[in-house]
Amino acid sequence: MSRLLTLLFGRLPIGWLQLTHSRGRFFAAVAGVAFANLLVFMQLGIMGALNGSTVAPYAMLNADIILSSEDGNTLTDDGHIARARMYQALGVAGVIDATPLFVGNLPFTLEDGSAVSLLSFGVDVTKPQFSTPAIAPKLGQLTLESTALLDEGTRGMPAEVIDDLMDGVRFEFETGGNTLTAIGTMEVGGGFLADGMMIMSDQTFLRVFPSRTSGAPNHILVRTADGVAVETVVARLKDALPSGNLRIQSMEASAANDLAYMATERPTGIIFGFGVFMGILVGLVIVYQVLSTDVADHLREYATFKAMGYGQPFFLGIVFEEAIVLAVFGFIPGFFVSMGLYAGLVSVTGLPVEMDASRAILVFLGTLAACSLSGAIATRRLANADPAELF
Amino acid sequence: MSDAPITTRNLDHFFGTGDARKQAIFDINLDIARGSLTILMGPSGSGKTTLLTLIGCLRDVKDGQVRVLGHELNGASEAVLVGLRRRLGFIFQAHNLHESLTATQNVTMGLQVHGRGDAVKQRKAAHHVLDLLGLADRRDYLPGNLSGGQKQRVAVARALVSNPEIILADEPTAALDKESGHTVVQMLKSLGKARGITTVMVTHDPRILEMADRIITLEDGRIISDELK
């Protein structure tokens, strides 16, 4: 390692030699940086899961524009819109089709007494074009009364139930005084709002949620004609439909707004964002402590180098070299331990906690930046290295 | 001024300001000849270390003139001072070796200050000087595994390896036994003769006084005797 760094820097890798000279302190410093990395990774992982589960329902839908009530902040919030808007939308140039979407949270109790909540979507099963290709072929089966497709990743659902469903064995369960029959599965995954998803016909939905009416779905989904820009149709819809209490946006914009809302306005998003900040702060403090102590411990040696004619860039180079060493050596264990914890979290919670390359790169670059910042602050102590005091 | 490598004229130096201002040296006028071994003597607080640090470009010259290797230090920029320090060799009483560098690496630092170089040549040069100082079997030792005398010899090697034009030494033989001390001073003297390296040394070691070309004694910041031998 020393030889490699010597080749790289064109000088002795003093930062590296200094850090590794005291192995105990080096491992403690690396463990500190790794811990800070772990904190950031876990917070980002959970925040990513929150984001992933927020937009997961969009993956079931195949539409271009969504009309929603201003009362609801996200796709799954409780806000109603008049069905009449769907007919009005159908009269706007560029709109080729529209359908209502009902959303509700359905709790039920499993045989072992554990409670499961299912985010349930009521759709017009005669319009499979509004669902993704994986789901659309199964919608025909939902014309049967009180049937539904159950999410394979439903948290708490016994594995044998899912296995049976995938083998064609139906699963019957009671909820709110109604009997529902799961006749197949779909793959979405649990989230923060519910343990899993369920899709059913709008008729079944209205039976299961008796307080809801067919005249007031949660959203209207709109498909646009080929060759017409979605934003153009959005603008036309905004002109054509009454503006009061109605939000008209593309599906992409709706998903982005949901994410922004969850990240910045819901306590969960703010908490995880704060957690990331805390992780970075912990990392900064740890690295600063290590580097500033190291500088203080070597002031006489640095003063000697100053006397010999080494300039400030040389000393800054040593401190930044140490910062980079700590960042790299702290990141590696932090990354792998986080991978293990992600796997554990997925198996326990079913949340979509995944390590993607962009996150790993982002955290690594962030670690480098944080360590460099700490190093930059620690270099202030170099001013205390006065070579005249050596005599 | 003369063309001596070190000259001083009307040199005063003060520490502190206002009521706390204290004058450390008074009206020092010196011309130190190229290749000579000059010893500065005097009791503690006599100003010899202050004089050494002024010549070594480690303190700002405030009053009077100090000329080192043709450069006036009074009012010199930091870049000039740093450039000059690279042409000097320092030997401190406390060896000040870097604890995480081996003897060879510590000595190599004396070369790397001049920029990127051939690492193999630098290592060979470091080994050569260490061998001359009797440390051939300690090249790869860390300072923590060397005796006080061995550490001091490594520090001497670090100062010598870059062929400095002036060596400034503060009690370089204090941690050495008689034979090692004699070897080091003899080496400095030989370098003076062979390469014209000028050495200014603060010492109380009576064993090496006889080897000096010149002995300057200071007391209360003033030169009280200047003896050429």
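Let's start with one residue. B:Asn10 sits in strand β1 of chain B, which covers residues 6-15.

A word on the source. This is a predicted model, where local features need pLDDT of at least 70 and side-chain atom pairs count only at pLDDT 80 or more, while totals for chains, interfaces and linings use all residues. Residues are numbered from 1 along each chain as its sequence is written, and chains are lettered from A and ligands numbered from 1 in the order in which they are written.

Back to B:Asn10. Is B:Asn10 buried or exposed? B:Asn10 is exposed, with 11 other C-beta atoms within 10 Å. The cut-offs: 20 or more other C-beta atoms within 10 Å of a residue's own means buried, 12 or fewer means exposed, and in between means partly exposed, with C-beta atoms placed from the backbone.

Now look at the backbone. Most residues other than glycine have a negative phi. B:Asn10 has a positive phi, near 50°. B:Asn163 also has a positive phi, near 50°. B:Asn163 is in the loop between α5 (148-160) and β7 (166-170) of chain B. B:Asn163 is partly exposed, with 14 other C-beta atoms within 10 Å.

Next, chain B as a whole. Chain B has six helices and ten strands. Its radius of gyration is 18 Å, close to the 17 Å from the globule rule for 229 residues, so chain B is as compact as a globular protein of that length. That radius is taken over C-alpha atoms, and the rule is 2.2 Å times the number of residues to the power 0.38. Along the principal axes, the C-alpha atoms of chain B fill a box of roughly 50 × 40 × 35 Å. Of the 229 residues in chain B, 48% are buried.

On to contacts. Two residues are in contact if their C-beta atoms, placed from the backbone, lie within 7 Å. In chain B, take the contacts with a separation of 6 or more: 67% of them join residues 24 or more positions apart.

How many residues does each chain give to the contact between A and B? Chain A gives 20 residues and chain B gives 25 residues. On the chain A side, α2 (14-21) and α10 (299-308) each supply at least two residues. The largest share of that side, six residues, comes from α10(A). By class, the chain A side has ten nonpolar, seven polar and three charged residues. Nonpolar means Ala, Val, Leu, Ile, Met, Phe, Trp, Tyr, Cys and Pro; charged means Asp, Glu, Lys and Arg; the others, Gly among them, are polar.

Now a helix pair in chain A. The axes of α3 (residues 23-55) and α11 (residues 312-349) come within 7 Å and cross at roughly 45°. The contact includes A:Phe41 of α3(A) and A:Phe335 of α11(A). By class, this contact has 16 nonpolar, five polar and no charged residues.

Last stop: A:Ala385. This residue lies in the segment after α12 (357-378) of chain A. A:Ala385 counts as buried, with 21 C-beta neighbours inside 10 Å. What does A:Ala385 touch, not counting residues up to four places away in sequence? A:Ala385 touches A:Leu299, A:Tyr302, A:Ala303 and A:Lys306.

Technical notes
Axes fitted to C-alpha atoms, helices over the stretch in contact; angles between N-to-C directions. Helix = DSSP H or I, 4+ residues; strand = E, 2+ residues; numbered from the N terminus.
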